[in-house]
Amino acid sequence: MLKTIYPDFYEDFCCKADKCQHTCCAGWEIDIDAATAARYQQLAGPVGEAIRQNIVEVDGTWQFVLGPGGRCPFLRSDGLCELIRRADESVLCDICANHPRFFVSLGDYELAGVGLSCEKSCELLLAEEKPLHFRTEAGEKLSLKEVLQRLSLPVSDEDLCYQTGLTADDAAFVLDCLQKTEPIDEAWTAQLAQLRSADMELEADAPQAFDRIYQYILYRALEHVPQYGWGTVLSYAQLNTDFIYLQYQLTGELAELTRRWSEQIEYSTENVRLLMELLA
């Protein structure tokens, strides 16, 4: 049986619902798991009928039919979910019930957490500046180093923190790599162009919060170690933290920059694969 590890702020996560400025119910395809899709076909009453009128099967997978702006048909103007208001959370498909939580298997462990495309996740990550700590289902408290040791990874103290001292050549390499990713929108492309032309203090020290960002990106990417290797995953964490640092030099809006990075990279399987291959 897998032993679950999760960051110490994981249990504090709670959806901000209508208080969120960036709804997760728009801009994404919403796939419905097979078990829930079958239940929707049998669900009686007005809620069941409304769902069936707003889902479609695409290549064997049921999805919600998105409206203008890629909005879920059940996303209300006040940011709340019509299905939850009319029924309860048990009516949701797996992706809606679990997002932004993730669960990946590595060796004898299940690594759990919350994705950083969610503004609440970023707020929790950046609420403190001390190094990340993790917990197990048995109540053990672990440092990141202890987590990596349990996964039999050859970790050094240098691997545990963000390496500052970015040079102009380093910055150019980071931007070249990110330029190759598939852009999430036109604003992302414009932001990359702005970064290329900006005059930044690259040798400046990074706030302590960057260690937590680096550590969390590293933790989130551990599932890729079997395919790409420990060194590549370390480089991936450094590269993406470098990119967030470059953006921070322009705006100082760390939480939002981290969230936007996650939308572009963390939640794009193709973009993660591309960067891993570039760094391998």
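Trainee: Which residue in E4 stands opposite Ile55?

Mentor: Phe64 in E4 stands opposite Ile55. This is a predicted model, in which local features need pLDDT of at least 70 and side-chain atom pairs count only at pLDDT 80 or more, while totals for chains, interfaces and linings use all residues. Residues are numbered from 1 along each chain as its sequence is written, and side-chain values use heavy atoms, with hydrogens and water left out.

Trainee: How do you know that E3 and E4 pair?

Mentor: Two strands pair if DSSP finds at least two bridges between them. Four bridges join E3 to E4 (residues 61-64), and the two strands run antiparallel. The labels themselves are DSSP runs numbered from the N terminus: helices (H or I) have at least four residues and strands (E) at least two. E3 and E4 belong to an open sheet of three strands in the order E2-E4-E3, with antiparallel pairing.

Trainee: What makes E2 and E3 edge strands?

Mentor: E2 (31-32) and E3 (55-58) each have a single partner strand, so one side of each lacks a neighbour in the sheet.

Trainee: Which strands stand at the edges of the five-stranded sheet?

Mentor: That open sheet has the order E5-E6-E1-E7-E8 and mixed pairing. E5 (101-106) and E8 (141-143) stand at its edges, because each has a single partner strand. Ignoring direction, neighbouring strands of this sheet are turned by 30 degrees against each other on average.

Trainee: Which side chains of E5 are buried?

Mentor: Phe102, Val104 and Leu106 point to one face and are buried.

Trainee: Why is Leu144 called buried?

Mentor: Buried means under 20% relative accessible area, exposed means over 50%, and partly exposed is in between (1.4 Å probe, protein chains only). Leu144 has 4%, so Leu144 counts as buried. Leu144 is in helix H6 (residues 144-150). Leaving aside residues up to four places away in sequence, Leu144 touches Leu132, Phe134, Leu160, Gln215 and Leu218; contact means heavy atoms within 4.5 Å.

Trainee: Why are H11 and H12 called oblique to each other?

Mentor: Their axes come within 10 Å and cross at roughly 135 degrees, with H11 covering residues 230-251 and H12 residues 254-266. Angles under 35 degrees count as roughly parallel, over 145 as roughly antiparallel and 65 to 115 as roughly perpendicular, and the rest as oblique. H11 and H12 are therefore oblique.

Trainee: Which residues of H12 meet H11?

Mentor: Leu254, Leu257, Thr258, Trp261 and Ile265 in H12 do so, and their counterparts in H11 include Tyr236, Phe243 and Ile244.

Trainee: What makes Leu257 buried?

Mentor: Leu257 has a relative accessible area of 5%, so Leu257 is buried. Not counting residues up to four places away in sequence, Leu257 touches Gln191, Ile244, Gln247, Tyr248 and Thr251.

How values were computed. Axes are lines fitted to C-alpha atoms, for helices over the stretch in contact, and angles run from 0 to 180 degrees between N-to-C directions.
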